[in-house]
Amino acid sequence: MNDCGNINRTCTDKPQRANQFIPGHEPFVAYLHRFSLCPHNRCEKVLLKGNLPYNGRHCEIQLDPCASEPCSYGATCMSLPESKFSCSCPPGSAGEFCELETSEGGDESGITLDFKGDSYLEFPTLPNAAHSLRVEIWFMTRSLNGLLLYNGQKPNGVGDFIALTLLNGFLHLTYNLGSGTATIACLEPVRIGAWHSVKISRIKNRGMLQMDNGEVVRGQSKGTLLELNLGEPLYIGGVPEFLPLKYSLVVQVGLDGAIQRMIVNDEVWDDMLSFSTDQRNIEPYNGPPCTPGICKNNGRCIPILEDYRCQCVDGFSGKWCNQSTFKNR
């Protein structure tokens, strides 16, 4: 008799990386983690696209397939039966996970912002963050250390907070709900000068961190408190003063790099300058992937991490807006 419950779970002595097959799913690479079950060995738990579809001592508990936020570009994930999900794509994206950019993206700003290490953008407090929060940032860094995001409860750094930082080249998500700080760190370092996407989410005291399409790292804060109480502005790329935050932030320097896009609770923040409440030393970023003149005929370059697309004016189309759509008379 198989003690491991759902979908042909088996017992194993060692964790391993292997190709796995689940009825109703395409073949995928699974990371097999160990936990106590069998008298002399372990029972497998399969990690499907960053999410554990089953949990529990006998793998009998089905989890939300949207918990790992598999949809890209701020798309909405809808849970379906049998651990499946569907991505509702916003304008400008398509594909099973909304991972593909299309030419019907609307009027995007295409403005990438450069941060100098002492820069910051200020916004109103993160909305509706008490019980849950989802943020995605597309960024590039020129340094191994820097602050990407910070929002606190009180101006002196005391109380609840949430922060996303770079520490010695590794992304760290830290938050405190009032009963102790949780720290979740990526297992892979960033690449200096390369564009990365980072996703963070928090549901009650549980947090999640993922860089690019890498491994999802999870953690949770200690204690019984489950709400994140915020009262101060949200800061991106730095803060006005680091000294008051020395007890909550190990990193005491702003981002030296650039930010292409932010997505907060499924809302895309394309033109962050337009609704920021304060800023310091922010300039437009000039560099790849949007090099000067890459889009022709007044087309606008829209960066997509290390790729791009050209948003063409009326009368032109094509990857570089170099094809006329006017009919010859």
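Which residues does UniProt list for "domain: EGF-like"? The unreviewed UniProt entry gives residues 62-99 and 286-322. Keep in mind, as you explore these close-ups, that the model is predicted.

**View 1. A stretch that UniProt lists as EGF-like, residues 286-322.** Over these residues the chain is 0% helix and 32% strand. Its end C-alpha atoms lie 22 Å apart. Look for Lys 319 here: its charged end sits over the ring of Tyr 308, 4.7 Å from the ring centre.

**View 2. Strand 16 and its two partners, strand 15 and strand 17.** Start with strand 15, residues 146-152, which runs antiparallel to strand 16 and is joined to it by six bridges. Across this pairing, Leu 149 stands opposite Leu 164 of strand 16. Strands 16 and 17 make a hairpin, with two residues between them. In that turn you will find Asn 168, whose phi is positive, about 55°. Six of the seven residues in strand 16 are buried, so the strand is largely enclosed by the rest of the structure.

**View 3. Thr 165 and the residues it touches.** Thr 165 belongs to strand 16, which covers residues 161-167. Is Thr 165 buried or exposed? Its relative accessibility is 6%, and buried means under 20%, so Thr 165 counts as buried. Setting aside residues up to four places away in sequence, Thr 165 touches Gly 146, Leu 147, Leu 148, Phe 170, Leu 171, His 172, Leu 249 and Val 251.

View 4. Another pair is Trp 195 with Tyr 285: their ring centres are 5.6 Å apart and their planes are at 85°, so the pair is edge-to-face. Trp 195 lies in strand 19 (residues 195-203) and Tyr 285 in the loop between strand 26 (283-284) and strand 27 (300-304), so the pair ties together parts 90 residues apart in sequence. Both Trp 195 and Tyr 285 are buried. To finish this view, find the aromatic cluster formed by Phe 123, Trp 269 and Phe 275.

**View 5. The largest nonpolar core, with 39 residues.** Which residues touch the most other members of this core? They are Ile 137, Phe 139, Leu 164, Leu 171, Leu 209 and Ile 236. Strand 14, residues 132-141, gives the most to this core, with four residues. Leaving aside neighbours within four places in sequence, Phe 139 is in contact with several residues, including Leu 148, Leu 166, Leu 171, Trp 195 and Ile 259. Apart from this core lies another, of ten residues, among them Leu 147, Tyr 235, Leu 245 and Leu 249.

Technical notes
Residues numbered from 1 in each chain as written. Predicted model: local features only at pLDDT ≥ 70, side-chain atom pairs only at ≥ 80, totals over all residues. Heavy atoms only, no water. Buried < 20%, exposed > 50% of the residue type's maximum accessible area, 1.4 Å probe, protein only. Contact = heavy atoms within 4.5 Å. UniProt positions renumbered as here; feature names shortened; annotations may be inferred. Pairing = 2+ DSSP bridges. Phe/Tyr/Trp six-rings, centres within 6.5 Å; stacked < 30°, edge-to-face > 60°. Lys NZ or Arg CZ within 6 Å of the ring centre and 35° of its normal. Core = buried A, V, L, I, M, F, W, Y, C linked by side-chain atoms within 4.5 Å.
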